[in-house]
Amino acid sequence: QSQLLWDRKQLSFPAMCGRQEDVSNADKKKAFAHSLKPSFQHRRTAGEIHRCRKGQRTDIKPTEWDKFGYAQKEDVLNREIVYDSQTLPIPRVKRNDITPEEFFKEFAEKKRPVIIEDACSTWPASSRWSLEALEERFRHIDFKVGKTDKGKNIQLKMKYFIDYCRHQQDDSPLYLFETKIDDTSSMRHLLDDFEMPDLFPHDWFALMNHDARPPHRWWCIGPKRSGTTVHTDPLGTAAWNAVTHGVKRWVLFEPSTPKRIAKAKDMVQKGEDTEAIMYFDFLLPRLKEAYPDVRCYEGLQHPGDLIFVPGDWWHGVLNLEDCVAVTQNY
């Protein structure tokens, strides 16, 4: 698609660059590439995003975050899940059709994943967590959008991150994952927007010494094409994840699945990346073909849905749209 656009642009390049004299092919391509770059609303957004990219990934340059052109490959986000004997649907149930006791007996106790529809659709967050509302409420507040190789948090003001979400064309965008909403006065208002689902009345993880307990709750904004690579949660904890805006695509593997298979490290070819969008684009299909006996569970999580991920299950996520969610290990 990019090449086709380039071929068309060549005909009108003199008008585009504002001069009629001959221009080298290299200059033409440079100007064309610049025309495809996002134009941010705020003057400082580009510089702030450059800083965050540079700190987050040292394996590629900040200017290479869009080198695979996934912003022009919408088919990856719209790809239908084809279910068969190997690819199984994540079970689904409506919140009104299940009691906390039934949930515990059928899913938590048996360590079965499930998507519970309308579990959080009545939360105030359903209206308060739109990008527009969040920008207005937390405009000048710094949120965590990554970590450096040395473990230092990378922070970005909300107004710049929302600007980035609206205009970014990155293959695997920056992901806002904030762990301190309980401890930071400027963020504590988020706690008024949701409640602990009554499906999870007992949290033995909370009995740990407060200072020793690792991060367990995350409030997150994932721009489309962002996601998490396949992993298991720490200390054998289970997790729930509630989405208020956007759509997430999930893949899960049973705990018995070997790590090297679930993470598809053997499937990576030279020059390829292993970010979430690449995993769902080509690594997961290769994995299924190479290991036809390995079962995987897939499904879509929509606004108002809550997913339960049992402890030790492998799971990965791709945000098909700009997503706002809260998740907790317990």
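## Salt bridges across the chain

Let's start with R137, which is partly exposed at a relative accessible area of 33% (buried means under 20% relative accessible area, exposed over 50%, and partly exposed in between, using a 1.4 Å probe and protein chains only). The model is predicted, so to speak of local features here takes a pLDDT of at least 70 and side-chain atom pairs count only at pLDDT 80 or more, while totals for chains, interfaces and linings use all residues. Residues are numbered from 1 along each chain as its sequence is written, and side-chain values use heavy atoms, with hydrogens and water left out.

R137 pairs with D193 in a salt bridge, with 2.9 Å between the closest N and O atoms; the term means a side-chain nitrogen of Lys or Arg within 4 Å of a carboxyl oxygen of Asp or Glu. The two residues lie 56 apart and link distant parts of the chain, R137 sitting in helix α8 (residues 131-137) and D193 in the loop between β6 and β7. Helices (H or I, at least four residues) and strands (E, at least two) are DSSP runs numbered from the N terminus. D193 is buried, at 0% relative accessibility.

A second salt bridge joins the side chains of R217 and D182, at 2.8 Å from N to O. This pair also links distant parts of the chain, with R217 in strand β7 and D182 in the loop between β6 and β7, 35 residues apart. R217 is buried at 16%, whereas D182 is partly exposed at 24%.

D266 and R260 form another salt bridge, their closest N and O atoms 3.0 Å apart. D266 is partly exposed at 47%, and R260 is partly exposed at 47% as well. Shared partners also tie R92, K94, E117 and D305 into one network of salt bridges. The count for the model comes to 24 salt bridges.

## The open sheet

Seven strands build an open sheet with mixed pairing, in the order β2-β3-β12-β9-β14-β7-β6; two strands pair if DSSP finds at least two bridges between them. β2 (92-94) and β6 (176-178) are the edge strands, each with a single partner, so one side of each has no neighbour in the sheet. From one strand to the next, the twist averages 20°.

K94 has E117 of β3 as its bridge partner.

β14 pairs antiparallel with β7 over 6 bridges, and W219 stands opposite V326. Strand β9 (residues 239-245) is likewise antiparallel to β14, over 6 bridges, with W240 opposite Q328.

## Helices α4 and α9

The axes of α4 (residues 45-56) and α9 come within 10 Å and cross at roughly 90°. The two helices are therefore roughly perpendicular (65 to 115 degrees; under 35 counts as roughly parallel, over 145 as roughly antiparallel, and the rest as oblique). Axes are lines fitted to C-alpha atoms, for helices over the stretch in contact, and angles run from 0 to 180 degrees between N-to-C directions.

T45, E48, I49 and R53 of α4 meet Y160, D163 and Y164 of α9, where contact means heavy atoms within 4.5 Å.
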